[in-house]
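Subject: Structure handover

Hello,

Here is the structure for you to look through. My notes on it follow below.

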Amino acid sequence: MKYRFFVAAALFALACSAKADVIYGQNLVVNGDAEAGVSGWTAYPGYSMVQSVDYGSNWVLPTQPGPVNRGTKMFAGLGQYAVGYQTLDFGVATAKSSSYYLSGWLGGWASQGDNALFFVQFLDAENNAIGSAAIGPVTPQDRGNQTGLYYRESVGIMPAGTSKLSFWLSMERLASNDNDGYADNLSFIAREITSPVPEPGMASMFLLGLGTLVGVLRRNTRAQMS
């Protein structure tokens with residue numbers, strides 16, 4: 001599923017957003033592990049809703065690749081395309097940038113190309129997209145043509161001015177009658193940036209100044225010894 005779908009659909013999601021302050025260091029995805037069914041997720045008009053299914057012979061066996069703490073349920077697709085979304089409204093825009101960790105376990109069935117994509121869009125107070133990130137899909141080649149779930153992550157910077165997070169989970173069917181795009185343990189964690197990283201030019205000047213200072217100290221030491 002193409003990114004432009006998410007860019008257009010994010011505007012629709014704003015009408016169904018929940019409000020909460022930015023909580024650093026905790027998963028901001030509601031029910032990212034499917035243990036509460038599809039609670040927290042909303043269907044997008046014109047598409048099938050993602051479904052919560054039990055690990056087992058019809059999907060992924062508990063012994064097949066996947067998260068160690070996989071619980072009893074995971075997400076699977078339904079129909080040609082299955083889409084679930086949720087939007088978190090901070091109420092006020094963030095005053096500074098923060099790092100983020102977008103992660104999840106994605107997969108599919110054997111050599112079939114059915115797949116899952118997990119996407120986040122950063123929106124400002126006027127609902128303009130100011131950034132985005134995605135993980136997936138995990139292809140049959142990535143899985144070695146095995147049924148299972150595989151860990152993926154994206155690490156980056158959530159821009160200052162972010163007012164809302166729009167999360168999208170989509171599954172695409174490319175073979176057979178079932179949509180075997182799979183996902184579990186979806187997570188988005190923001191962390192405050194406490195130690196600013198010097199810009200390249202500033203870092204160079206700092207090192208140059210440090211070298212000059214060392215040279216001066218050496219010359220003074222030699223003068224005192226002579």
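Buried residues make up 42% of the 226 residues in the protein. Buried means under 20% relative accessible area, exposed means over 50%, and partly exposed is in between (1.4 Å probe, protein chains only).

Some ground rules. This is a predicted model: local features need pLDDT of at least 70, side-chain atom pairs count only at pLDDT 80 or more, and totals for chains, interfaces and linings use all residues. Residues are numbered from 1 along each chain as its sequence is written, and side-chain values use heavy atoms, with hydrogens and water left out.

Overall layout

The protein has two helices and eleven strands. Helices (H or I, at least four residues) and strands (E, at least two) are DSSP runs, numbered from the N terminus. Along the sequence the order is α-β-β-β-β-β-β-β-β-β-β-β-α. Take the contacts between residues at least 6 apart in sequence: 80% of them join residues at least 24 apart. Contact means heavy atoms within 4.5 Å.

Strand β11 and its partners

Nine of the eleven residues of β11 are buried, so this strand is largely enclosed by the rest of the structure. β11 pairs with β6 in the antiparallel sense over nine bridges. Two strands count as paired if DSSP finds at least two bridges between them. G107 has Y182 in β11 as its bridge partner. β4 also runs antiparallel to β11, joined by two bridges. There, F75 stands opposite A183, and A76 stands opposite Y182. On to β3: four bridges join it to β4, again antiparallel. D54 has K73 in β4 as its bridge partner.

Aromatic rings

The structure holds 13 aromatic pairs. Rings of Phe, Tyr and Trp (its six-membered ring) pair if their centres lie within 6.5 Å; planes under 30 degrees apart count as stacked, over 60 as edge-to-face and the rest as tilted. One of the pairs is Y100 with F188, which is stacked at 5.6 Å centre to centre and 15° between the planes. Y100 lies in β6 (residues 98–108) and F188 in β11 (residues 182–192), so the pair ties together parts that are 88 residues apart in sequence. Both Y100 and F188 are buried. Y44, Y47, Y81, Y85 and W168 form one aromatic cluster.

R70

Where does R70 lie? R70 is in the loop between β3 (51–54) and β4 (73–76). R70 is buried yet has no salt bridge. A salt bridge here is a side-chain nitrogen of Lys or Arg within 4 Å of a carboxyl oxygen of Asp or Glu. The nearest side chain of opposite charge, D184, is 6.4 Å away. For charge, Lys and Arg count as positive and Asp and Glu as negative; His and the chain ends are not counted.

The R70 side chain does reach backbone oxygens. The one of Q64 is at 2.9 Å. The one of G66 lies 3.4 Å from a polar atom of the R70 side chain. Not counting residues up to four places away in sequence, R70 touches E35, Y55, V60, L61, P62, Q64, P65 and D184.

I23

I23 sits in the loop between β1 (18–19) and β2 (42–43). I23 is partly exposed, with a relative accessible area of 38%. The C-alpha atoms of I23 and E192 are separated by 9.8 Å, and the two residues are 169 apart along the chain.

Best wishes

Note on methods: A polar contact is a pair of N or O atoms within 3.5 Å; within protein, one must be able to donate a hydrogen and the other to accept it, and residues adjacent in sequence count only if both atoms are side-chain atoms.
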